[in-house]
Amino acid sequence: MKKFLLIICAVTIFLIGCGNEIRTVPPLPGTLPNFLNAPEKIDTDIYFDATVSMKGFTTLAAGNVYLTLPDLLGDLCGSTGEVKFFSFGEQIHALDGRSYRQFATPEVYNEAITAVANVVDRADTNHLSIIVTDLFESDSDWSNVTQKFREKFFANHLSVGVIGIKNSFYGEIFDVGLNAAHFNYNSWDNPDRYRPFYLLVMGRDDIVKNFLRKFNERQILPNDTGFLLLSENLNETPADFSNFELDEVENFYSDETLGLDSRVKEFGLDKFSEAASFIVNWEYKPPLGACPLDLSEVDTEIEIFSVEGEEWTPLQKNDLRVGLLKDNRQSGNFLIKISLTPEKTLAEGKLNFVRIKVMPKENGYKLPAWVELWSVNVDGAAKNFDGSKTLNLIRVLGSLKDSIFAASRPALMNINFVVTP
């Protein structure tokens with residue numbers, strides 16, 4: 001399991017001991033996940049795919065969300081910071097003033113090559129970035145796009161949201177089938193024939209979640225819409241001691257002498273030689289677009305450290321156990337029991353730090369049902385293609401899901417606590 005080496009807790013904590021001795025406690029090891037509330041101000045960069053394959057979204061009036069999208073995005077994002085618009089094909093072009101409104105007209109869609117990978121390279125991770133596209137990538141090189149998402153966003157604990165919207169369409173569809181055929185497609189005013197376009201929303205976890213919620217609230221037309229969130233934090237709110245309710249406690253007592261971050265609980269022990277345990281009550285609140293989870297089985301990652309001089313030293317002995325049970329008293333609630341024998345797990349007479357990450361198994365982390373419904377695979381001739389669906393959508397979004405699972409394993413909860421001597 002990947003070890004995180006970044007130190008985030010860079011403050012010095014003082015512990016007043018016996019005889020007025022002051023002991024300096026070094027910064028906690030590793031990374032504490034930091035899922036804070038969205039800031040009041042955040043700049044946004046919006047990239048519109050200007051290739052010919054997007055032109056068909058602008059040509060029909062009935063059932064057309066796309067025509068209002070430039071103004072909607074400008075309005076939503078402009079309320080929280082500066083908004084900049086760009087067009088892209090193979091290259092990226094910055095737009096001035098209100099010229100972004102040209103995306104509601106078919107004339108601007110004249111680029112021949114789509115390079116989403118170049119936009120991901122350009123994206124500023126300190127901003128919210130939004131890519132508007134039909135998920136067509138020239139040369140079908142989505143493996144390259146996925147790799148860039150993994151390295152730039154997922155590996156740095158950032159999130160990616162996907163919003164799919166069915167929209168009326170009259171225009172050309174390209175590179176279908178083994179012969180890379182293209183043909184005209186007309187949805188008419190039939191919602192069953194509407195063609196999807198997508199928003200890829202990238203940035204800090206809380207920012208992405210907040211945008212998905214706001215966008216959903218502003219939808220006024222009844223077009224089919226799908227949401228997908230790929231996040232390291234599988235909950236609407238942080239699942240750590242800043243939100244946990246402590247239930248039964250055995251051989252532990254709460255201690256406040258270190259004044260730690262609210263995400264880290266401080267315990268003392270009554271007796272080092274006797275079994276110790278505590279139970280926390282946790283409510284699972286999946287965010288909009290969350291991947292469906294199978295919580296019948298979970299994985300755990302456990303790291304234990306003790307202070308040696310000015311350094312934290314990993315401990316190899318470990319009989320710590322994690323139990324996850326449904327709380328039958330309330331739907332969606334779980335009870336997590338942490339139990340250990342201190343003398344078999346901790347270093348006696350020293351400050352100990354325990355980090356526990358509870359995660360779904362890979363086969364229990366799935367794409368939302370709408371992805372399969374909107375996806376089409378074509379073997380052979382283009383005549384088998386359904387224009388109301390997206391070519392290989394399962395493979396494209398599935399590769400993103402697999403990437404975040406590999407780069408930054410999504411967690412149900414993070415249980416961090418210290419045990420004072």
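Biologist: What makes strand S12 (residues 245-250) and S15 a pair in this predicted model?

Modeller: Four bridges join S12 to S15, and the two run antiparallel. Pairing needs at least two bridges, so these strands count as paired. Glu 245 stands opposite Asn 281 in S15.

Biologist: How do you know that S15 and S19 pair?

Modeller: Eight bridges link S15 and S19 in the antiparallel sense, against the at least two that are required. Phe 278 has Ile 338 in S19 as its bridge partner.

Biologist: Why is the ring pair of Trp 282 and Phe 334 called tilted?

Modeller: The ring centres are 5.3 Å apart, within the 6.5 Å limit, so the rings pair. Their planes stand at 40°, which is neither under 30 degrees (stacked) nor over 60 (edge-to-face), so the pair is tilted. The search of the whole structure finds 30 aromatic pairs.

Biologist: Which parts does the pair of Trp 282 and Phe 334 tie together?

Modeller: Trp 282 belongs to strand S15 (residues 276-283) and Phe 334 to strand S19 (residues 333-340), so the pair ties together parts 52 residues apart in sequence. Both Trp 282 and Phe 334 are buried. S15 is mostly covered, with seven of its eight residues buried.

Biologist: What makes Lys 166 count as lying over the face of Trp 374?

Modeller: Lys 166 is at 4.8 Å from the ring centre of Trp 374, and the distance limit is 6 Å. Arg 195 lies over the face of Phe 169 at 5.7 Å from the ring centre, again within 6 Å. Phe 169 also belongs to a cluster linked by ring pairs, with Phe 48, Tyr 185 and Phe 197 among its members.

Technical notes:
Residues numbered from 1 in each chain as written. Predicted model: local features only at pLDDT ≥ 70, side-chain atom pairs only at ≥ 80, totals over all residues. Heavy atoms only, no water. Phe/Tyr/Trp six-rings, centres within 6.5 Å; stacked < 30°, edge-to-face > 60°. Buried < 20%, exposed > 50% of the residue type's maximum accessible area, 1.4 Å probe, protein only. Lys NZ or Arg CZ within 6 Å of the ring centre and 35° of its normal.
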